[in-house]
Amino acid sequence: MLYLIMLTYRRPLAEVDAQLAAHRAFLERHYDAGHFLMSGPREPRTGGIILARAASAAAVAEWVSEDPFKQAGVADYEVVGWRPGMAAPGWPLDAAG
């Protein structure tokens, strides 16, 4: 199943930026593990988006709890489960796992 993890910054960008290196290391660990498929900042920069693949919402909740942004209290999270039913040519539906 795919999960859209939407982050909304709740602290000033200076506090967010202080956690950015640790947050990127967190992202890299989950990319290496095959959990995260895409990520990036929102425009305007009010938060970020992560597209994840997981067996359960509980797994995603555990990952979110490890995010330095979460631990430092600089971001709020909304997690939306999603099972694609259609895809453009070249985008595999089996990405949902």
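Trainee: How many cavities of 30 Å³ or more does the count come to?
Mentor: One. A cavity here is a set of points on a 1 Å grid over the protein atoms alone, where a 1.4 Å probe fits but cannot get out. This is a predicted model: local features need pLDDT of at least 70, side-chain atom pairs pLDDT 80 or more, while totals for chains, interfaces and linings use all residues. Residues are numbered from 1 along each chain, and side-chain values use heavy atoms, without hydrogens and water.

Trainee: How much space lies in the largest cavity?
Mentor: About 30 Å³, taken as the space filled by probe spheres set on the points.

Trainee: Which residues line it?
Mentor: Ile-5, Phe-26, Phe-36, Ile-50, Trp-63, Val-64, Asp-67 and Tyr-77. Lining residues have an atom within 4 Å of a point. Seven are nonpolar, none polar, one charged.

Trainee: New topic. What is the strand order in the sheet?
Mentor: E2-E3-E1-E4, open and antiparallel. Strands are DSSP runs of E, at least two residues, and a pair needs at least two bridges.

Trainee: Which strands stand at the edges?
Mentor: E2 (36–41) and E4 (75–82). Each has a single partner strand, so one side of each is left without a neighbour in the sheet.

Trainee: How many bridges join E1 to E4?
Mentor: Eight. Among the partners, Tyr-9 is bridged to Ala-75 in E4.

Trainee: And which strands does helix H2 touch?
Mentor: H2 (residues 20–32) touches E1, E2 and E3, with contact meaning heavy atoms within 4.5 Å.

Notes. Helix = DSSP H or I, 4+ residues; strand = E, 2+ residues; numbered from the N terminus. Axes fitted to C-alpha atoms, helices over the stretch in contact; angles between N-to-C directions. 1 Å grid on protein atoms, 1.4 Å probe; cavity = no way out; pocket = protein on both sides within 12 Å on 5 of 7 lines; lining within 4 Å. Nonpolar A, V, L, I, M, F, W, Y, C, P; charged D, E, K, R; others polar.
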